[in-house]
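User: Hi! Could you walk me through this one with me? I'll just ask as I go.
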Amino acid sequence: MATFILALGLSGCAGLGGPPPALGEPRAALEAQKGRPTAIYPDGADTLLEYATGPYGQLTYMARIGPDGLLKSYEQVLTSEKYATIKVGVATKQDVLRAIGHPAETSFLPRQQLEVWSYRYKESGVWDSMMHVHFDQAGIVRMLMNGPDPMKEEHRGFFR
């Protein structure tokens, strides 16, 4: 049973390994190599294909397909540089989805009336971190805050 669960867990991101797809290749070739996208977003005349590694993964790739059906770009988007492109007070939930994809976790802060989307990533390629994107009730980004990923932190307690 454990082997089945491990295989099932790995199958969701198995297509993300290996060499990156070649720019200019058709969408069908990309999907044959990387599998079905975890989400699809319209972005002007282009289409974005999200390839996320799930709630515990630290990688999400976005493939940009042009109106001609060919791959224009393919990038890992859970990075400090990409988070910096999200404009506080301007960006919407749809903007965030197109920029960095679906969150690993969501929560709600009742006192501040903010919805929080959290993303696991390797900060500077080293630290296991989480980026928290806070939205107001209108769906506008009000704050970005990062910190350590509590799932990856070493717990030092009295009984450990």
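This is a predicted model: local features need pLDDT of at least 70, side-chain atom pairs count only at pLDDT 80 or more; totals for chains, interfaces and linings use all residues.

User: Where does Val88 lie?
Analyst: Val88 is in the loop between α3 (80–83) and α4.

User: And which residues does Val88 touch, leaving out those up to four places away in sequence?
Analyst: Those are Val141, Arg142, Met143 and Leu144. Leu144 is 56 residues from Val88 along the chain, yet their C-alpha atoms are separated by 7.6 Å.

User: Switching topic: which residues touch the most other members of the largest nonpolar core?
Analyst: That core has 20 residues, and Tyr83, Val96, Ile100, Tyr119, Val133 and Val141 touch the most other members. Two or more residues each come from β1 (39–43), α4 (93–100), β6 (114–123) and β7 (127–135). The largest share, four residues, is from α4.

User: What is Tyr83 in contact with, beyond neighbours within four places in sequence?
Analyst: Tyr83 contacts Leu78, Ile100, Tyr119, Arg120, Tyr121, Met131 and Leu144. There is also a second, separate core of eight residues, including Leu30, Leu49, Ala63 and Tyr74.

User: Now Ser129. Why does it count as buried?
Analyst: Because its relative accessibility is 2%, and the cut-off for buried is under 20%. Ser129 is in strand β7.

User: What does Ser129 touch, not counting residues up to four places away in sequence?
Analyst: Its contacts are Tyr119, Arg120, Tyr121, Glu123, Gly147, Pro148 and Asp149.

Conventions: Residues are numbered from 1 along each chain as its sequence is written. Side-chain values use heavy atoms; hydrogens and water are left out. A nonpolar core is a set of buried Ala, Val, Leu, Ile, Met, Phe, Trp, Tyr and Cys residues joined through side-chain atoms within 4.5 Å. Buried means under 20% relative accessible area, exposed over 50%, partly exposed in between (1.4 Å probe, protein chains only). Contact means heavy atoms within 4.5 Å.
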